[in-house]
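Q: Can you walk me through this model? Keep it short, please.

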Amino acid sequence: MSPPEPESASEPSAQHAEALPAVAPQLRALRRRAALTLEAAARAAGLSPGYLSRLETGQRQPSLPMLLALARVYGTTVSELLGETVADRDAVVRAADMEPTRAGGWTYWQAGASGRGMQALRVHVPYGSQGDVVRVHPGEEWLHVLRGRLRLRLGDTTDLLGPGDSAHFDSLTPHRIAAQDADGVELLFVHTLLQSPTATLCLGPTPSETGETP
């Protein structure tokens, strides 16, 4: 657990605080939309739970670095945190604009626009990563193997998928994915969990690191 942040280092000046909209209700709403507990969100953003609670109740005003950190955690933008209107999204995502993100040995690239009803990722799963982690959560998932072989367990059934193979399933079915080969496997991955950041999906931490929103 992180210690409380010093007010002098974490809060904007009085002038900047007055310029900020009332973001407290938006912060809480977006955390709940992301299905994160106060403790999990604070840990991911590098804050203490008590300090994040004060931000959500309007007792403290967030600095710009805090807004940036929380936007990353909630899978949104600073503009949405501030309640601003989201601009029209570009339908085309260029390969050169796909920045890799790494978590738990996995590498993934955002292959679609944020804030949509579906989220698309290109994913590299290394061999042996999270082979024992079984996921159960609301939503649907679709995956397509681009390179390598994927071992997919759905309920009591295990299948081996090769390049060109796909799977589409209800995420409430207990599932586990793992690379079959030492070179790993590369996938296209689409899910309908707009309310959950990638870190809470199959690509994320173990269930003990998340929880229900209080």
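**Strands, helices and salt bridges**

A: This is a predicted model: local features need pLDDT of at least 70, side-chain atom pairs count only at pLDDT 80 or more, and totals for chains, interfaces and linings use all residues. Residues are numbered from 1 along each chain as its sequence is written, and side-chain values use heavy atoms, with hydrogens and water left out.

Q: Start with β5. How many bridges pair it with β6, and in which sense?
A: Five bridges, antiparallel; β5 covers residues 150-154. Strands here are DSSP runs of E, at least two residues, and helices are runs of H or I, at least four residues, both numbered from the N terminus. Two strands pair if DSSP finds at least two bridges between them.

Q: What stands opposite L152?
A: D159, in β6.

Q: What is the strand order in that sheet?
A: The order is β6-β5-β8, in an open sheet of three strands with antiparallel pairing. The edge strands are β6 (157-161) and β8 (175-179), and each pairs on one side only.

Q: By how many degrees are neighbouring strands turned?
A: By 15 degrees on average, direction ignored. Axes are lines fitted to C-alpha atoms, for helices over the stretch in contact, and angles run from 0 to 180 degrees between N-to-C directions.

Q: What holds strands together in general?
A: Strands of a sheet pair through backbone hydrogen bonds, either parallel or antiparallel.

Q: Next, β2. How many of its residues are buried?
A: Four of its five residues, so the strand (106-110) is mostly covered. Buried means under 20% relative accessible area, exposed over 50%, and partly exposed in between, with a 1.4 Å probe and protein chains only.

Q: Which strands does β2 pair with?
A: β1 (residues 100-103) pairs with β2 over four antiparallel bridges. Four bridges also join β2 to β3 (residues 119-125), again antiparallel.

Q: Over to the helices. Which residues of α3 are buried?
A: A24, L27, L30 and R31, in a helix that spans residues 24-33. Seen down the axis of α3, these buried residues fall within an arc of 135 degrees, so they line one face of the helix. That arc is taken from the directions from the helix axis to the C-beta atoms.

Q: Why does spacing along a helix matter for that?
A: An α-helix has 3.6 residues a turn, so residues three or four places apart point the same way.

Q: What comes just after α3?
A: A35, with a positive phi of about 55 degrees.

Q: How many salt bridges are there?
A: Five in the structure. The criterion is a side-chain nitrogen of Lys or Arg within 4 Å of a carboxyl oxygen of Asp or Glu.

Q: What does E56 pair with?
A: R28, with the closest N and O atoms 3.4 Å apart. The pair links distant parts of the chain: E56 is in α5 (residues 49-56) and R28 in α3, 28 residues apart.

Q: Is E56 buried or exposed?
A: E56 is buried, at 8% relative accessibility. R28 counts as partly exposed, at 33%.

Q: Which residues make up the network there?
A: R28, R31 and E56 are linked by salt bridges.

Q: And what about E186? Which side chains does it meet?
A: E186 meets R122 at 2.9 Å, N to O. E186 lies in β9 (residues 185-191) and R122 in β3, 64 residues apart. E186 also forms a salt bridge with R147, at 3.6 Å. R147 is in β4 (residues 140-147), so that pair ties together parts that are 39 residues apart in sequence.

Q: Where is G162, and what separates it from R147?
A: G162 is in the loop between β6 and β7. Its C-alpha atom and that of R147 are separated by 7.4 Å, although the two residues are 15 apart along the chain. G162 is buried, at 13% relative accessibility.
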